[in-house]
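Let's take a walk through this structure together, one piece at a time. Keep the viewer open and turn the model as you read.

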Amino acid sequence: HQQQMEEEEAAEERGMASESEEEMEKEESEETEESSEEEDDEKENEAEIQRLEEQVVIKNFTKYVYCVFLISVIYNSLMRVFFPRLGRKLSVLLLFFPEIWLDWLKDEIRLTSEDSDREKIYELFEKAVKDYICPEIWLEYAQYSIGGMGQEGGIGKVRDVFERALTAVGLHMTKGAAIWEAYREFENAILGTLQQQETLDAQIEKIHSLFRRQVAVPLLDMEATYAEYEEWSEESIPETVTRLYKKALQQMEKCKPYEETLQVLAWLVAETPKLAEYQAYIDFELKEGDPARIQLIFERALAENCLVPDLWARYTRYLDRQLKIKDLVLSAHLRAVRNCPWTVGLWKSYLLALERHDADHQTVSDTFEKALNAGFIQAMDYVEIWQAYLDYLRRRVDFTEGCGVGLQPLLHHFKCWTQGLVSFKENVPFLSYFLSSPSYNSPNLHGVCSCVKLCNVILVACDTLKLENYQSWVKDVKISTNKRVFILFHRFRKALVRAVQCTSDYPEHVCEVLLTFERVEGTLEDWDTAVQKTEARLARVNDQRAKATFFPVLSTRGKNHTNIEQPSKKYRGEGDASFPEEEETEDMETETGLMGRCTAFKTVDNPSKQKTKAGTAKLSKILHDSSKDHITVFISNLSFNIENPEETLRATFASCGEISEIRPVYKQNGTFRGYGYVEFKDEKSALDALRLDRTKIEGRPMFVSPCIDKSKRPDFKLNF
């Protein structure tokens, strides 16, 4: 019986062993299958990464939508582990969003364990902070650098990062305080490790300095920081620090409504761009005039609206005209074209900025080549970028040396451009304006050989494109070599500038003429000056139109000509004075007489009586007969201080003939406006009166002009 039990137990053990072996074999097979699946997945991921890397090289990321899609596929899928490999290539070609930078940096830090790789992480942080000014990235950078403070120069590295972070985002109203607090905590930690009294005193002074600097910066919840400083400091806070704190508090209260609006929108809708709110905030900071705060609010707006070309254009324009710091300006332009490569205006501005800051020719040429590969949607965009580059080459030519030093590159690229136009045959009529424009007809090409070369280039180009207007174009080229053009060159510019400042009808057209002239003939400085003048002029014109829209009553009064007559500015030869620009708005809306069309106007019976009624009496109306314009002259540029203008004018023009009427023009308060009208009995007397032009009256030259109806005046022309 005992032997039987032992045999049964042995059989059970053998059964259990076989079952365990089967289970082990099953587990091993499952593990083998899982490992094979993982290997297959890894191979698929490797193949996908390799394919995407090839796309990076081949396509060069000319399509922005493709770039964004590629990043989302790589980063948000199972290939996130392999993102660091491809991410370095992607970061060279386009800008990552701050969120992607943060996640990538954290992954890199997690995967990096050796101190020898710390420099690579530092390099990534440097790239990240250049793409966008982001407080979170700077804070992560500072905290990571604290981990290396045990290395040689580690404490200095940490302080350097914190100082740069304060410069970049320390003024951030809502997130800047985190940088200040982290910096103070770091310095307090160092304070706890010191023992010598001298080093203790120096470290305490550093913390004092940080508190003083922070309370002088307008930040949200800055009252708590000031209270913390009072509690921490063993001495009373200096009066100067308190005064700066109160000033910063006042500034914070001004900015607080804008910050609260942004915070409310962020709470309600997490993905809202908040473009309009940022634009209002930018306008406020521009009025305040603090360059550091203006730059920061632009950067904050761009971080959330990085695909808005107009916002980039406004930011780069501010940097170009106000800060003018080379590294800062060129960096902003580069980021603009990397974010919005489809916008030709940003590329043109980038080329101008490179030229303005004396970038080498190879850099400008490389940028131009990148622009051509940016994938513009419209053919006109290629015309504009080529035109901008050819204008740059034209400005590089030294026309004072023989046939023009630097002319060959201009001619070479012009040939390349005309050959490229063949692919746009359906758009030849649309593009023909480029060749027919005066961009390269040669007032500046002083050498005859230069003109001949350029004519040959144009003939070949026009023959290739089968343009029919090349004969008139070449004729313009030949005419432009006339010496008379060189003599009148500067006078033409001066006349255009005056026309921009004074012309009331079609100001946009006159501004465009000046811009075209400076683009094709002037230097870069002339171009920048013309742009600022035209923008200022058009801004004033738009303000006038807006006022006329909001105040239709005044506009109607101007149309009925019931106001006091006020002439527009008078354009004369060199040396002529003109009325102040501030008076132009009023004169435009109520002009009559010389350039007017009115049938009635106001005048005064007698200056002495008018002075007694100033501000209370209404001016009497006198009907104006436009049929008498041929016997009437317009007088201007007189002194406002003439006691009796009517008697003075009568005595001046008595020798010309019999005077029918003298009408000096006054303001409503009775002050003489410096101009008026003299009506004679016959036309011969009026013609004789014109000879008294520039006669001095009380030390000022008097301008005498015929009285011309504006409706019959010919189109604006520049005469030399």
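**Starting from helix α11**

In α11, the residues tucked away from solvent are V241, T242, Y245, A248, Q251, M252, C255, E259 and L262, which all count as buried. What do they pack against? The buried residues of α11 sit against α9 (197-215), α10 (222-232), α12 (275-288) and α13 (291-304). Keep in mind as you look around that this is a predicted model.

Now check the length of α11. It runs over residues 239-268, and at 1.5 Å a residue those 30 residues should span 44 Å; the end C-alpha atoms are 42 Å apart, so the two values agree. The helix isn't straight, though: α11 bends by about 45° at C255, with a proline, P257, following within four residues. C255 is also one of the buried residues of this helix.

From here, hop over to α13, one of the helices that the buried residues of α11 pack against. α13 has 14 residues and reaches 21 Å from its first C-alpha to its last, close to the 20 Å expected at 1.5 Å a residue. Is α13 enclosed or open? Ten of its 14 residues are buried, so α13 is largely enclosed by the rest of the structure. The buried ones include I294, L296, I297 and F298, but also R293, E299 and R300. Around them you'll find α7 (154-169), α11, α12, α14 (309-323) and α15 (326-339), which the buried residues of α13 pack against.

In soluble globular proteins, nonpolar side chains tend to be buried together. Here the largest nonpolar core has 62 residues, and W347, F376 and I385 touch the most other members. Helix α18 (residues 379-396) gives the largest share of this core, eight residues. Where does the core lie? Both domain 2 (61-250) and domain 3 (307-426) give residues to it, so it lies between them. Zoom in on W347 and, leaving out residues up to four places away in sequence, you'll see it touching V337, P341, T367, K370, A371, A374, F376 and I385. Apart from this core lies another, of 34 residues, among them I121, Y122, Y183 and L296.

Back in α18, have a look at L390. L390 is buried, with a relative accessible area of 0%. L390 and V520 are 130 residues apart along the chain, yet their C-alpha atoms are separated by 9.6 Å.

Residues up to four places away in sequence aside, R493 touches F517, E518, G522 and D526.

The loop between α23 and α24 (507-521) holds S504. At 30% relative accessibility, S504 counts as partly exposed. S504 and V541 are 37 residues apart in sequence, and 8.3 Å separates them C-alpha to C-alpha.

Finally, zoom out. The protein chain has 30 helices and seven strands, and buried residues make up 44% of its 720 residues. Among contacts between residues at least 6 apart in sequence, 65% join residues at least 24 apart.

Methods
Residues are numbered from 1 along each chain as its sequence is written. This is a predicted model: local features need pLDDT of at least 70, side-chain atom pairs count only at pLDDT 80 or more; totals for chains, interfaces and linings use all residues. Side-chain values use heavy atoms; hydrogens and water are left out. Helices (H or I, at least four residues) and strands (E, at least two) are DSSP runs, numbered from the N terminus. The expected span of a helix is 1.5 Å times one less than its number of residues. The bend at a residue is the angle between axes fitted to the seven residues ending there and the seven starting there. Buried means under 20% relative accessible area, exposed over 50%, partly exposed in between (1.4 Å probe, protein chains only). Contact means heavy atoms within 4.5 Å. A nonpolar core is a set of buried Ala, Val, Leu, Ile, Met, Phe, Trp, Tyr and Cys residues joined through side-chain atoms within 4.5 Å. Domain bounds come from an automatic or database domain assignment.
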